[in-house]
Amino acid sequence: MAGREALLAAVVAAAALASASASQGDREPVYRDCVLKCEERNCSGPGLRHFRSQQPIYMRLAGWTCRDDCLYECMWLTVGLYLREGYSVPQFHGKWPFSRFLFFQEPASALASFFNGLANLVMLSRYRTAVPAASPMYPTCVAFASLPGGR
């Protein structure tokens, strides 16, 4: 019986998360229509070839795709409509809209992440010099510190 209750609780929680996953901007019909039309026009056939020929190399190396560009452009089109109608700026994909700088959509966040990674690297170096390699948890700590994202 407890197994059924746990399963029911998991299903209810999953349904609640699924219904709450989209931000206000994501649910906006203008945004969704814009993304669909942009992808149809720019992300296949000649449109995709044109997109790739016009895309800066640093954007390509950073992994920005045609779809990402459509999402970005349509986000700003929708924000413009919201502001023109006197509404507040909505969130998209759980985040507030930020202007792209080079290939960073959130440059302050990217800079903070860089410094966080740098601090982790410095602390790992200090750990390796201060703690003997024969210590029981040494390999575990080094392994966890070496994982992407620090997890």
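Asp26 sits in helix H2, which spans residues 24-27; helices here are DSSP runs of H or I with at least four residues, numbered from the N terminus. This is a predicted model, in which local features need pLDDT of at least 70, side-chain atom pairs count only at pLDDT 80 or more, and totals for chains, interfaces and linings use all residues. Residues are numbered from 1 along each chain as its sequence is written, and side-chain values use heavy atoms, with hydrogens and water left out.

What surrounds Asp26? Setting aside neighbours within four places in sequence, Asp26 is in contact with Tyr31, Arg32, Gln91, Phe92 and His93, where contact means heavy atoms within 4.5 Å. A polar atom of the Asp26 side chain lies 2.8 Å from the backbone nitrogen of His93. Asp26 is buried (under 20% relative accessible area, 1.4 Å probe, protein chains only), yet has no salt bridge, meaning a side-chain nitrogen of Lys or Arg within 4 Å of a carboxyl oxygen of Asp or Glu. The nearest side chain of opposite charge, Arg27, is 7.0 Å away.

Let's move on to the core. The largest nonpolar core has 16 residues, and Tyr31, Val35, Cys66, Cys74, Met75 and Phe92 touch the most other members; such a core is a set of buried Ala, Val, Leu, Ile, Met, Phe, Trp, Tyr and Cys residues joined through side-chain atoms within 4.5 Å. Helices H3 (29-42), H4 (45-54) and H6 (66-84) each supply at least two of its residues, with H6 giving the most, 7 residues. Beyond residues up to four places away in sequence, Cys74 touches Tyr31, Cys34, Val35 and Cys38.

Finally, Val142 is found in helix H8, residues 138-146. Val142 counts as buried because its relative accessibility is 9%. Not counting residues up to four places away in sequence, Val142 touches Leu124, Tyr127 and Arg128.

Key:
Buried < 20%, exposed > 50% of the residue type's maximum accessible area, 1.4 Å probe, protein only. Lys, Arg positive; Asp, Glu negative; His and termini not counted. Polar contact = N/O pair within 3.5 Å; in protein donor to acceptor, adjacent residues only side chain to side chain.
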